[in-house]
Amino acid sequence: MALFYKSTRDPKNVVSASQAILQGLAVDGGLYVPTEIPKPVLDFAELAEQSYQEIAAQIMQLFLPDFTQDELRDCINQAYDQKFDDPKITPLVKADGQYYLELFHGPTLAFKDLALSILPHLMKKAAQKNNLDKEIVILTATSGDTGKSAMAGFADVENTKIVVFYPENGVSPIQERQMVTQKGANTFVAAIEGNFDDAQTKVKQLFNDENLRSKMAQNNKAFSSANSINIGRLVPQIVYYVYAYTRLIKTGRIKSGEEINVSVPTGNFGDILAGFYAKKMGLPIRRLVCASNQNNVLTDFFQTGNYDRNRPFYITSSPSMDILVSSNLERLLFYLAKEDTAQTKQLMDDLNEKGTYTITPEMKEGLSDFFADFASEEETAETIRKMYEDGAYVIDPHTAVASCVAEKYPNDEKIPTVVLSTASPYKFPQAVLQAINKENIAAEGFAAIDKLHQIAKVSIPASIQELEKAKIRHHDRISADQMTDFVEKALDLK
Ligand SMILES: *Cc1c(COP(=O)(O)O)cnc(C)c1O
């Protein structure tokens, strides 16, 4: 049976993989999920001999059947090339008893590059397949990592434009510099007076602005989404779970078929959901460890069955996980409800109206694939320090959260654990320095990077080195009210 995508809120809304990628979100407000999860016969010993790109071609073909193998290989080759500063793409390293899958070797030093370097190519092919000759316009509000990663992915991709808004005081100095130095005639970025929520709310309004939409249509343009609700972001992330497992085989750490645990620093629940698909597909994962920071809404949900976003919001050292509404959890709820769309929709309506919902005891049974816990700010800093001192390995705060929570899991059978390392420590040099040595608090910006380099003795990624000299190309600071105007100018609609 061919694989299609259906909405979590309406069983009759069924589209092809390429259409799901173009749409991003289903029109009924639901998220697209595959009509069935592929159950291939996976020959792990054989996969262990293959490269990242070869594994990607096989796994992605299973989930994107309306792309030909040649089309996928073409996308893969354009995405996973010298943009990554390690030919392995996602190297697996061992430190202090755990395995770290380094997902930060892409152009913007965060794991989002694995999906956002290929999404533009998938979208372009999807548009051709569906005879969509419109220019695709990606509109994004970002709290730091997604905006830069998406711009890097879409820069100079034919027939696309990308517009990014970030809160003027809400991103790290390195993250801001990464964005304002972005090259590419089709990239546009502006700082917004206000916080991330202001930018996000306005972006949602722009998507549904009738006047703007009709101007877009007249000019042969259409909006799409590059955030993690798009299955075009989820599918490429399944690949590195398979890759990590097969590297453990290749290096003789496990035998084919042996189980592993994977610990995932979680915010919007996209990365760990890709792991869930990998497990359902047949990858021998015992537990998916859902690691949260102090914004531990998911920890409470997994432990009690009650999701409650009515709680204080903390700004932490792992900002990409500072989130109280994890969009992709809707897909897990759909599976927990045995694909009951009405039940899924009811829970999401409860969340919208009351900010909370509780799943049934039957649904709760399905949570046994997961272990969830969180790391406090002190525990996160302590983990960075301990890894540096005992493991001679420097990790970023997001990775430290996952490492810390992995240690909390009662792993009595000593199953090997892979920690997903989602960002380079050079992206958060100040937090890392402070954790390692409290005397380093004063160092900021590039001074912090140099200091971290002296301590860590890990070479500074080229993209960070270039950043200091890079020309600033984007200067706009605007109010939320000026965003419509900014978009119309960027798209030549004026
Ligand atoms: C986005 C992000 C996360 C969280 O990933 P989700 O898919 O949103 O759960 C973790 N770490 C880093 C560095 C990120 O950028």
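Contact here means heavy atoms within 4.5 Å. This is a predicted model, in which local features need pLDDT of at least 70 and side-chain atom pairs count only at pLDDT 80 or more, while totals for chains, interfaces and linings use all residues. Residues are numbered from 1 along each chain as its sequence is written, and side-chain values use heavy atoms, with hydrogens and water left out.

## Nonpolar cores

Tyr 241 touches Val 262, Val 264, Asp 271, Ile 272, Ala 274, Gly 275, Ala 278, Leu 283, Ile 285, Leu 288 and Leu 420, when residues up to four places away in sequence are not counted. A nonpolar core is a set of buried Ala, Val, Leu, Ile, Met, Phe, Trp, Tyr and Cys residues joined through side-chain atoms within 4.5 Å; buried means under 20% relative accessible area, exposed over 50% and partly exposed in between, with a 1.4 Å probe and protein chains only.

The largest nonpolar core has 111 residues, and Tyr 5, Leu 64 and Tyr 241 touch the most other members. Helix H11 (residues 231-250) contributes the largest share of this core, 13 residues. Another core, of 36 residues, lies apart from it and includes Leu 109, Val 289, Ile 384 and Phe 446. Helices (H or I, at least four residues) and strands (E, at least two) are DSSP runs, numbered from the N terminus.

## The three-stranded sheet

Three strands form an open, antiparallel sheet in the order S2-S1-S3; two strands pair if DSSP finds at least two bridges between them. Strands S2 (14-15) and S3 (32-34) are the edges, each pairing on one side only. Strand S1 (residues 5-7) is joined to S2 by two bridges, and Tyr 5 has Val 15 in S2 as its bridge partner.

## Second largest pocket

The lining of the second largest pocket comprises 20 residues, with Pro 107, Lys 148, Gln 182, Ser 463 and Glu 466 nearest its centre. Helix H7 and helix H21 (462-469) each supply at least two lining residues, and H21 gives the most, with four.

## Thr 146

Thr 146 is found in helix H7 (residues 145-154) and is buried, with a relative accessible area of 13%. Not counting residues up to four places away in sequence, Thr 146 touches Lys 112, Leu 116, Thr 140, Ala 226 and Arg 233. Thr 146 and Leu 116 are 30 residues apart in sequence, and their C-alpha atoms are 8.4 Å apart in space.

Note on methods
On a 1 Å grid over the protein atoms alone, a cavity is a set of points where a 1.4 Å probe fits but cannot get out, and a pocket is an open set with protein on both sides within 12 Å along at least five of seven lines; lining residues have an atom within 4 Å of a point.
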